[in-house]
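Keep the sequence and the 3D view open while reading.

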Amino acid sequence: MTERTVVLIKPDGVKRGIVGQIISRFENVGLKIAAMKMIWIDKDFAAKHYPVSRKQWVESIGKRALETYKEYGRDLGEDLDTMEPYEIGKKMCKWLVEFLTSGPVVAILLEGENSINTVRKIVGHTFGDKAVPGTIRGDFTKARGYASFMSKRAGHNLVHASGNSEEAEFEEELWFKKNEIYSYKRLDEEMYLG
Ligand code: TYD
C-alpha cells in the first residue's frame, strides 16, 4: 500500500552537515520525496509535534526511558527526580521541544509502499549505541540511551520518523500545506510496482 510518512532531520543532522547523506538513504530505496523544506520552528509549533496532551505516547516514552535505564543498570531517580512514566515523559517533551527549536530542521514527506515501516528501519534504533550499522543512527551516532538525561536534554539522534499511520497523517498535516506536496512519478517507479 502506498503511504506517506514524515521525516525530520533534526538540528544535529543539519549542523553536522549530513543532510544530503541522510536524504540519499531514503532516495536509494526508491522512496519518493513528495515535499521537502528547511524550517526553523518556534516552541509553540514544536509543542504541537510533541504534544503533552497525547497522554499515551508521553507515558510510553517515559516507560521506554525507565526500561533503558534498567538495561544499563542505572537509577533514573538519581538523574531525574521522578520515577513516574508520565512525569518523565512530560519532562522529555519539554527537552524535545528545546532541541527541535535549537536550529533549523529539514522536513521531508516521503511516499512509497510501506514507507512508514521502511523509513523506521532505515533510521534504526532510537539510541546510537543500539542502532545497527547500516541504519542512519547506527552509522552516524554513538550516543548512549541514558546519556541525555544526565545533562537534562533530549537524545540527539539526527532524525525523527513517524511511528505509525496515525502519527504520519497528523504530522503531514502539521508540517505541510497541501500546495507544498507534489505528485509526480519517479523514473524507477514501475520497477518496484512490477
Ligand atoms: P521515541 O518515539 O520512543 O523514539 P524514536 O524517535 O526512535 O521513535 O522517542 C522520541 C524521542 O525522544 C527520541 O527520538 C529521542 C527522545 N528520547 C530520549 O532522549 N531518551 C529516551 O530514553 C527515549 C525513550 C526517547
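A salt bridge is counted when a side-chain nitrogen of Lys or Arg lies within 4 Å of a carboxyl oxygen of Asp or Glu. Glu-167 and Arg-54 meet this rule, with their closest N and O atoms 3.8 Å apart. Glu-167 is in helix α10 and Arg-54 is in the loop between α3 (43-49) and α4 (55-71), so the pair ties together parts that are 113 residues apart in sequence. Glu-167 is buried, at 13% relative accessibility, while Arg-54 is partly exposed, at 26%. The model is a predicted one.

**Domains**

The domain assignment divides the chain into domain 1 (1-40 + 105-194) and domain 2 (45-102). On the contact between them, domain 1 contributes 28 residues and domain 2 contributes 24 residues. The C-alpha centres of the two domains are 21 Å apart.

An unreviewed UniProt entry lists residues 2-183 as "domain: Nucleoside diphosphate kinase-like". That span is 48% helix and 15% strand, and its end C-alpha atoms lie 13 Å apart.

Side chains of opposite charge can pair when their charged atoms come close. In this model the count comes to 13 salt bridges. One of them joins Arg-4 and Glu-111, with 3.3 Å from N to O. Arg-4 belongs to strand β1 and Glu-111 to strand β3, and the two are 107 residues apart, so this pair links distant parts of the chain. Arg-4 is partly exposed, with a relative accessible area of 30%, whereas Glu-111 is buried, at 18%. Both residues also belong to a network of salt bridges that links Arg-4, Lys-32, Glu-111, Glu-172 and Glu-189.

A further salt bridge is found between Glu-98 and Lys-94, where the closest N and O atoms are 3.7 Å apart. Glu-98 and Lys-94 are 4 residues apart in helix α6, which means that about one helical turn separates them. Glu-98 is partly exposed, with a relative accessible area of 34%, and Lys-94 is exposed, at 53%.

| Pair | N to O distance |
|---|---|
| Arg-4 and Glu-111 | 3.3 Å |
| Glu-167 and Arg-54 | 3.8 Å |
| Glu-98 and Lys-94 | 3.7 Å |

**Helix α6**

How far apart should the ends of helix α6 be? The helix runs over residues 85-100, and at 1.5 Å a residue its 16 residues should span 22 Å. The end C-alpha atoms of α6 are 22 Å apart, which agrees.

The buried residues of α6 include Pro-85, Tyr-86, Ile-88, Met-92, Cys-93 and Trp-95. Leu-96, Val-97, Phe-99 and Leu-100 are also buried in α6.

Gly-89 is another residue of helix α6. Gly-89 counts as buried, because its relative accessibility is 0% and buried means under 20%. Leaving aside neighbours within four places in sequence, Gly-89 is in contact with Val-58, Ile-61 and Gly-62. By contrast, Gly-89 and Lys-10 are 19 Å apart from C-alpha to C-alpha, and 79 residues apart in sequence.

**Helix α7 and its ends**

Which residues of helix α7 (residues 115-123) are buried? They are Ser-115, Ile-116, Val-119, Ile-122 and Val-123. These residues cover an arc of only 130 degrees around the axis, so they are on the same side of α7. An α-helix has 3.6 residues a turn, so residues three or four places apart point the same way.

Several elements cover the buried residues of α7. Among them are the strands β1 (2-9), β3 (105-113) and β4 (159-161). The helices α2 (19-28), α8 (136-140) and α10 (165-175) also take part in this cover.

Asn-114 lies in the loop between β3 and α7. Its phi is near 55 degrees, a positive value in a residue other than glycine. Asn-114 is partly exposed, with a relative accessible area of 39%. After α7 comes Gly-124, whose phi is also positive, near 90 degrees.

**Another positive phi**

Most residues other than glycine have a negative phi. Leu-158 is a residue other than glycine with a positive phi, near 70 degrees. Leu-158 is in the loop between α9 (147-150) and β4. Is Leu-158 buried or exposed? Leu-158 is buried, with a relative accessible area of 0%.

How values were computed:
Residues are numbered from 1 along each chain as its sequence is written. This is a predicted model: local features need pLDDT of at least 70, side-chain atom pairs count only at pLDDT 80 or more; totals for chains, interfaces and linings use all residues. Side-chain values use heavy atoms; hydrogens and water are left out. UniProt positions are given in the numbering used here, feature names are shortened, and annotations may be inferred rather than shown by experiment. The expected span of a helix is 1.5 Å times one less than its number of residues. Buried means under 20% relative accessible area, exposed over 50%, partly exposed in between (1.4 Å probe, protein chains only). The arc is that of the directions from the helix axis to the C-beta atoms. Contact means heavy atoms within 4.5 Å. Domain bounds come from an automatic or database domain assignment.
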